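This briefing goes through a single protein chain by topic. Please keep the sequence and the model in view while reading.

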Amino acid sequence: MASVISEHPPVLPSDDSLYEIVDGQIVEKNVGGFASWLALRLLLSLQRHIDTHPVGTLAIETVLVLDAANGLHRRPDVAFFSAETWPLNGPPPLTGDWAVVRDLAVEVLSPNDLYQNVARKLREYFH
């Protein structure tokens with residue numbers, strides 16, 4: 001059974017922009033070419049392992065609800081959900097952010113990432 005976090009979704013952007021929700025506010029997520037390339041390579045490498053050892057599901061650039069009550073939704077570059085967390089053949093929700101507890105979140109750091117922002121994300125993911 002999936003570990004689902006209950007939430008009431010905020011009003012989201014109508015376009016396809018990448019966003020996170022921090023303290024209830026929509027924040028644009030800027031993703032550079034190198035970060036996207038590296039995240040994709042990591043995802044493909046992990047997927048090769050999962051193809052031969054079906055232990056979970058991977059997602060890339062998917063918004064996850066970390067704390068609905070405090071308006072915290074993050075978009076890790078890569079996320080992993082074990083089979084105990086999410087069914088192996090279960091597709092993600094068709095709409096809205098994914099309200100499920102992830103087992104692994106990967107953030108690819110860019111030269112313009114500020115230390116305090118990265119440290120905050122780490123605390124939020126581990127919380």
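Which exposed residues does the face of α1 turned away from its buried side carry? That face carries Gly33, Phe34, Arg41, Arg48, Asp51 and Thr52, where exposed means over 50% relative accessible area, buried under 20% and partly exposed in between, with a 1.4 Å probe and protein chains only. The model is a predicted one, in which local features need pLDDT of at least 70 and side-chain atom pairs count only at pLDDT 80 or more, whereas totals for chains, interfaces and linings use all residues. Residues are numbered from 1 along each chain as its sequence is written, and side-chain values use heavy atoms, with hydrogens and water left out.

**Overall architecture**

- The secondary structure of the protein chain comes to 2 helices and 7 strands, these being DSSP runs numbered from the N terminus (H or I over at least four residues for helices, E over at least two for strands).
- Along the sequence, the elements follow the pattern β-β-α-β-β-β-β-β-α.
- The protein chain has 127 residues, of which 34% are buried.
- Among contacts with a separation of 6 or more, 59% join residues 24 or more positions apart, a contact meaning heavy atoms within 4.5 Å.

**Helix α1**

- The 20 residues of α1 should span 28 Å at 1.5 Å a residue, and the end C-alpha atoms are 29 Å apart, which agrees; the expected span is 1.5 Å times one less than the number of residues.
- The buried residues of α1 are Ala35, Ala39, Leu43 and Ile50.
- Seen down the axis of α1, these buried residues fall within an arc of 60°, so they line one face of the helix; the arc is taken from the directions from the helix axis to the C-beta atoms.
- An α-helix has 3.6 residues a turn, so residues three or four places apart point the same way.
- The cover over the buried residues of α1 includes β3 (56-60) and β6 (78-82).

- Threonine 57 sits in strand β3 and is buried, with a relative accessible area of 15%.
- Leaving aside residues up to four places away in sequence, threonine 57 touches Ala79, Phe80, Phe81, Trp86, Pro87 and Leu88.
- Histidine 73 belongs to strand β5 (residues 72-74) and counts as buried at 2% relative accessibility.
- Between histidine 73 and valine 63 there are 6.3 Å in space, C-alpha to C-alpha, and the two are 10 residues apart in sequence.

**Pockets**

- The largest pocket holds about 770 Å³ of space, a pocket being an open set of points on a 1 Å grid over the protein atoms alone, where a 1.4 Å probe fits, with protein on both sides within 12 Å along at least five of seven lines.
- Its lining comprises 31 residues, and Glu20, Lys29, Glu107, Asp113 and Lys121 lie nearest its centre; lining residues have an atom within 4 Å of a point.
- At least two lining residues each come from β1 (19-22), β2 (25-28), α1 (33-52), β7 (104-106) and α2 (115-126), and α2 gives the most, with 7 residues.
- The second largest pocket has a volume of about 230 Å³, and of the 14 residues that line this pocket, Leu66, Asp67, Leu72, Glu124 and His127 are the closest to its centre.
- To the lining of the second largest pocket, β4 (64-67) and α2 each supply at least two residues.

Conventions. Points joined across faces, edges and corners; volume = space filled by probe spheres on them.
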